[in-house]
Amino acid sequence: MKKFIYIISMFTIANLGFSQVGISNDNPNANSELDIVSRNNNTGILIPRLTEAQRNAISLGSTENSLLIFNTTENCYNYWNNSEAEWKSLCGKLGQAQFTYNCTDVQINGTYMITRELTASNYLSIKVTVTKPGSYEIKGTTSNGYSFFTSGTFLNAGTFTVQVPGSGTPVVVNTSPGDTVNIYNNGTAQTCTPAVTVPVLSNAGTYSISCGSATVNGVYTKGIALALANTISLPIDVSSLGSYSITTNTVDGISFSASGTFTATGSQIITLNGTGIPTSTAVKTMTITANSADGVSTCTVNVVVVIPVKKVLHVGYETNYGYSAYSGPSRFLMDSPTNYGTAANSVVKFAGFTHTSLGNSPSAAQLQTALNAKPDIVILGYNYSFGTTEAGYLASYLNSKGVLIALTEDNSSAQNLLRAVFSDPSISTSSGGGGGSVYALTNTDDPTVNGPFGDVRGKNWGEDASSTTVASGLSGGFTPYSFAQPINSTTTRSGITGLRHNGLSFIWFGDGGFLSNDINGSQYNSNTIEPFVAPAPTYFPVQKTAYGYAGNGYSGGSMQVQNSILFANMIAWAIKQAEFSGINTK
């Protein structure tokens, strides 16, 4: 009854023309129509509380400008803006964000050890789906002396990864299952099943690492998330028990880590598990960091990512000898997944080739059209002969970052090509040693003579059947692979028989039959023909163990030649050139 009388009194006062109203306040502020005072300094005022759906159901006209409610959906005050005909949020222009995530996708980053304060490496990584842009706060609490917190604004709807930094210092060890992290979104507790947990380790043990013997496991492909098979096996030697934390940096989206507690001393293998998605095909040098009690130690390992498919243009006879690698054992070598594939044991991690051939005698126009299609790699072999026009097209292709492997023994064609590539009309060619000539390879640390299929520095390659082309007058800008003097000949010769251009992706050898073999890659029983050996079924390149004519103190067939190993290394080099600096790179 007293409340009723009080309310009636307020209306009566208002009707008498008094403008200020005070509640628990006998002297309302002169500038306020309503001045409310908390009677015992422990109460407030409750504005109508509506869900967003209830708010939106209000019928609004032109007289409700500034209508105020508390939005329980976004946990914020809203007011109606008549001029823009929309509800505005007092939490910011966008209001509070609405977002969701799967607790199983919450990643714990960094290592957590007792008495060690958290650093920038300790954070939660959460992939969230935002359905309404706005401000956000994400907090994670534990009962063990540390927590996580971040805030910000989602400007758009979509999927984002949020890093929630940690702070504080763990107090007690908890490795199984670890400290439970209680997560709050904009102040609202989230229920995670199973719970998000953080293992806290004991003090570090004493151990050493051996990166030189580390093994990178699994296949790595750009754009594909690392799986359980993507690990690094790291040999270590433990001298005192305790915990361990071994991590890598993040390179192009991927990283590796392992942590735990040693149960025994001595030599053992620790498996670092990979995470992330490779963002490029570049080789990734991972720095491994270990937290041994006697000091932090680091070393590096390389992770190789699969290079995508490359287009190859072949020009030469399409026979079972495989002169231009479009057919025969040289083609089988290129297509062998043991050599170039996506398997864990593939020598070169590569998705394979698409092959196109122009045959032995394309016209200049046909060659130009094929080169304009931007093949990643071009291979020339016996018996393709061409003039200055075609040589100009090939030089232009090289200048556009194409990759060219030229195995040519036609003197005129080789001269045209070398003059065009080196822009030097003084270069000349001539015939060198005949079939069975054996040429020493230079002792140069180069990807062709020292590549993934073998180190053949200081060894030999062999001429097939006819005469080698020798180039003279080259003034520089190239790495020589072999000179004109066969080791099994007393006839004095000078010039170059094999080279790589230092500025362009160009390799040349003066033998069109460099890849010759017609018995499925097995060693052919001749000292003077078919120097290429890559036996079925894997077509892995090996040397020919008996080659060369007799001369200069060598008996017939007493020399070894490395043509197939050289070619396999050339292709590995060509793949990398095409991927990282080729005609189709951006």
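This report walks through the pockets, the cavity, the salt bridges and a few local features of the structure above.

The model is predicted, so to speak of local features we need pLDDT of at least 70, side-chain atom pairs count only at pLDDT 80 or more, and totals for chains, interfaces and linings use all residues. Residues are numbered from 1 along each chain as its sequence is written, and side-chain values use heavy atoms, with hydrogens and water left out.

## Pockets and cavity

Let us begin with the empty space. Rolling a probe the size of a water molecule over the atoms shows where such space is left. The search runs on a 1 Å grid over the protein atoms alone: a cavity is a set of points where a 1.4 Å probe fits but cannot get out, while a pocket is an open set with protein on both sides within 12 Å along at least five of seven lines; lining residues have an atom within 4 Å of a point. Grid points are joined across faces, edges and corners, and a volume is the space filled by probe spheres set on the points.

The largest pocket has a volume of about 1500 Å³. It is lined by 46 residues, and those closest to its centre are Ile108, Asn109, Gly110, Ser257 and Thr275. Several strands supply at least two lining residues each, among them S8 (107-109), S9 (123-132), S20 (254-261) and S21 (266-276). Strand S20 gives the largest share, seven residues. Helices and strands here are DSSP runs (H or I, at least four residues, for helices; E, at least two, for strands), numbered from the N terminus.

The second largest pocket, with a volume of about 400 Å³, has 20 lining residues, and Val304, Val347, Val348, Lys349 and Lys576 lie nearest its centre. Strand S26 (348-349) and helix H7 (563-581) are the elements that give two or more residues to this lining. Helix H7 contributes the most, with five residues.

There is one cavity of 30 Å³ or more, and the volume of the largest cavity is about 40 Å³. Its lining is made up of Gly381, Tyr382, Asn383, Tyr384, Leu407, Thr408, Glu409, Asp410 and Gly512.

Ala, Val, Leu, Ile, Met, Phe, Trp, Tyr, Cys and Pro count as nonpolar, Asp, Glu, Lys and Arg as charged, and the others, Gly among them, as polar.

| Space | Volume | Lining by class |
|---|---|---|
| Largest pocket | about 1500 Å³ | 14 nonpolar, 29 polar, three charged residues |
| Second largest pocket | about 400 Å³ | 15 nonpolar, three polar, two charged residues |
| Largest cavity | about 40 Å³ | three nonpolar, four polar, two charged residues |

## Salt bridges

Across the whole structure there are seven salt bridges, each being a side-chain nitrogen of Lys or Arg within 4 Å of a carboxyl oxygen of Asp or Glu. For the residues involved, buried means under 20% relative accessible area, exposed over 50%, and partly exposed in between (1.4 Å probe, protein chains only).

One of the bridges joins Asp446 and Arg500, with 2.7 Å between the closest N and O atoms. Asp446 sits in the loop between strand S31 (438-440) and strand S32 (450-451), and Arg500 in strand S37 (residues 496-501), so the bridge ties together parts that are 54 residues apart in sequence. Asp446 is buried at 3% relative accessible area, and Arg500 is buried at 16%.

Another bridge links Lys88 with Glu86 at 2.4 Å, N to O. Lys88 is buried, at 12% relative accessibility, whereas Glu86 is partly exposed at 33%.

Asp455 and Arg457 also pair up, at 2.7 Å between their closest N and O atoms. Both Asp455, at 35%, and Arg457, at 28%, are partly exposed. Asp445, Asp455 and Arg457 are linked in a network of salt bridges.

Helix H6 (residues 411-422) has twelve residues and spans 16 Å from first to last C-alpha, close to the expected 16 Å, a figure given by 1.5 Å times one less than the number of residues. Its buried residues include Leu417, Leu418, Val421 and Phe422. Just after H6, Ser423 has a positive phi of about 50 degrees.

Ser38 lies in the loop between strand S2 (34-36) and strand S3 (49-50), and is buried at 19%. The Ser38 side chain reaches the backbone nitrogen of Asn41 at 3.2 Å.

Leu504 is in the loop between S37 and strand S38 (505-509), and is buried at 19% relative accessibility. Its C-alpha is 7.1 Å from that of Lys401, although the two residues are 103 apart along the chain.

How values were computed:
Polar contact = N/O pair within 3.5 Å; in protein donor to acceptor, adjacent residues only side chain to side chain.
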